[in-house]
Amino acid sequence: MKAAVYDGNKITIKDVPDPEIKESQALVRVEAVGICGTDLAIANGYLLTPTPIILGHEFAGKVVKIGKEVDLSWLNKRVTSEINSNIDFDCYYCKKGLYTQCVSRKAIGIDIDGALSEYIALESYLLHEIPDSITYDEATFIEPLAAAYQTFEMMPIDKSDKTIALFGLGKLGLLITQIAISKGLTLIAIDGSDKKLNLTKEFGAKYLINRVTCKDVPDEIINLTNNLGADIVIDTTGNPNALREIIASCRTRGKIHVKSTHGLETPINLTDIVVRELTLYSSRCGPFEKAIDGLTSGNIQVKQLISKKFKLDEINKAFDSYKNNRDHIKTVVHI
Ligand SMILES: [Zn+2]
């Protein structure tokens, strides 16, 4: 089969053996794969993975073959997959039901081969059926949307939380925007792209800050929040230098939530966090069922977030589509 293989230096389309399924696995014909900031961090050499590796962890396809132990009903179903595979169901975290933190887990497309290929073998416990109303392209948003919901699973919102400042309006930021607004929070959106800022306005953001033209972003946020700072500040910038501004934009005893996975050292002064008693939250992937519900109910809009589509053969163009383009949100690769 054809696959996009990253060798630690570059990505090339190669002919690789078709995956063989174990009795507990399903073979999925991949239809669409979203390119994510994590993929870019790997391809740029910031986030280290074993190599060679097939990237791609936001994907959807159809089950074309199943092992003997897999329920027959999965055959021919349209599916997406959890990102964390190789779960042992036996460790400290698994026993608490926290499978995404299993000590044995391997992330698809990061620790083990991913979905930028014609086929992928998946343990059946990873599969989620996609309702007919969701296209394959839209289904590539289920994994990042689950990660967006996880922001609020890990960080409780209480009565004193009214304002939320969101740094970074990539795909994840624009998904978090929609969830935050549905929770009744007043959103301050910060990005360098007017196009993305205007999109958050359509979703209901109250204040837009273009970081390119704004002299001092934390000052502006403090001005907009009765000289307090935002109750919650979220980082989806993928830029380690943003964290200093993020801390400065948070009110005393406020909440900071880091979603970026750029793999880089982050130079911050922790004293400000200590003195002002800020709480630091973080989260990664989350509840797929909520994400699927969000899409099928129409509560979450994703069509506007697809900026470009490419074929697998054009994989380098797909990765390059993110370069030097502030307005770009998400690229989908069709297999
Ligand atoms: Zn485990």
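Two strands pair if DSSP finds at least two bridges between them. Helices (H or I, at least four residues) and strands (E, at least two) are DSSP runs, numbered from the N terminus. The model is predicted: local features need pLDDT of at least 70, side-chain atom pairs count only at pLDDT 80 or more, and totals for chains, interfaces and linings use all residues. Residues are numbered from 1 along each chain as its sequence is written.

Six strands form an open sheet in the order β13-β12-β11-β14-β15-β16, with parallel pairing. β13 (207–210) and β16 (279–282) stand at the edges; each has a single partner strand, so one side of each lacks a neighbour in the sheet. From one strand to the next, the twist averages 20°. Within the sheet, β14 (residues 230–235) pairs with β15 (residues 250–258) in the parallel sense over five bridges. Ile 234 stands opposite His 257 in β15.

Helix α5 lies across β11 (163–167), β12 (186–191) and β14, and runs at about 175° to β11. Axes are lines fitted to C-alpha atoms, for helices over the stretch in contact, and angles run from 0 to 180 degrees between N-to-C directions. Two residues are in contact if their C-beta atoms, placed from the backbone, lie within 7 Å.

The axes of α4 (residues 142–154) and α5 (residues 171–182) come within 9 Å and cross at roughly 50°. The two helices are therefore oblique to each other (angles under 35 degrees count as roughly parallel, over 145 as roughly antiparallel, 65 to 115 as roughly perpendicular and the rest as oblique). Residues of α4 in the contact include Pro 144, Tyr 149 and Phe 152; those of α5 include Lys 171, Leu 175 and Ile 179.
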